[in-house]
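Student: I have a structure open and would like to learn how to read its features. Where do we begin?
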Amino acid sequence: MTVTGKSRRKKTVEAVIVIADIENSSQIAETTTPNIYNGMIREYHRVASRAVDEYSRTISAMEEAVLYKRAIGDEVIIILNSRNIRNSVNFALNLAVLLEVEWARSRFNVNRM
């Protein structure tokens with residue numbers, strides 16, 4: 001990603017982008033009521049936000065690495081600053097695993113089982 005300022009200098013920012021969404025969410029939307037679907041989306045957003053915050057705190061060097069996190073529909077977008085690409089990719093993969101585990105243990109999935 002290249003950013004240009006008034007001084008016409010270019011600044012390159014390397015980042016790792018993580019996009020996570022709910023598996024089979026469209027199928028769930030078709031087979032449940034809008035209230036249940038919207039509840040699932042809200043729960044997913046809470047779980048994802050909590051997972052990012054908790055994981056960032058456990059690795060103090062990565063606290064400032066989360067540049068952006070945003071929940072849109074059934075997706076969560078996380079942009080990680082990448083001073084060290086290998087560490088950022090490792091962080092992203094570990095975060096993805098944590099998010100999957102936390103989502104499997106969430107109230108929404110426990111109630112559906």
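Tutor: Begin with one contact. Arg107 and Glu43 form a salt bridge, and their closest N and O atoms are 2.8 Å apart. This pair links distant parts of the chain, with Arg107 in helix 4 (residues 107-112) and Glu43 in helix 2, 64 residues apart. Keep in mind that this is a predicted model.

Student: Is Glu43 buried or exposed?

Tutor: A residue counts as buried under 20% relative accessible area and as exposed over 50%. Glu43 has 6%, so Glu43 is buried. Arg107 has 54% and is exposed.

Student: Which residues are linked with Glu43 in a network of salt bridges?

Tutor: Arg46 and Arg107 are linked with Glu43 in that network. The side chains of Arg46 and Glu43 meet at 2.9 Å, N to O. Arg46, at 40% relative accessibility, counts as partly exposed.

Student: Why do residues three or four places apart in an α-helix point the same way?

Tutor: An α-helix has 3.6 residues a turn, so residues with that spacing point the same way. Here, Arg46 and Glu43 are 3 residues apart in helix 2, which means about one helical turn separates them.

Student: How many salt bridges does a search of the whole structure find?

Tutor: The search finds 4. One of them joins Lys69 to Asp53, with the closest N and O atoms 2.5 Å apart. Lys69 lies in strand 4 (residues 66-72) and Asp53 in helix 2, so this pair ties together parts that are 16 residues apart in sequence. Lys69 is partly exposed at 35% relative accessibility, and Asp53 is partly exposed at 31%.

Student: What span should helix 2 have at 1.5 Å a residue?

Tutor: Helix 2 (residues 34-58) has 25 residues and should span 36 Å; its end C-alpha atoms are 36 Å apart, which agrees. The buried residues of helix 2 include Tyr44, Val47, Ala48 and Ala51.

Student: Which residues of helix 3 are buried?

Tutor: They are Ser88, Phe91, Ala92, Leu95, Leu99, Glu102 and Trp103. Seen down the helix axis, the buried residues of helix 3 fall within an arc of 100 degrees, so they line one face. On the other side of helix 3, Arg86, Leu93, Val97 and Glu100 are exposed.

Student: In what order do the elements of the chain run?

Tutor: From the N terminus, the order is β-β-β-α-α-β-β-α-α. That makes 4 helices and 5 strands. Of the 113 residues in the chain, 34% are buried.

Conventions
Residues numbered from 1 in each chain as written. Predicted model: local features only at pLDDT ≥ 70, side-chain atom pairs only at ≥ 80, totals over all residues. Heavy atoms only, no water. Buried < 20%, exposed > 50% of the residue type's maximum accessible area, 1.4 Å probe, protein only. Helix = DSSP H or I, 4+ residues; strand = E, 2+ residues; numbered from the N terminus. Arc of directions from axis to C-beta. Expected span 1.5 Å × (residues − 1).
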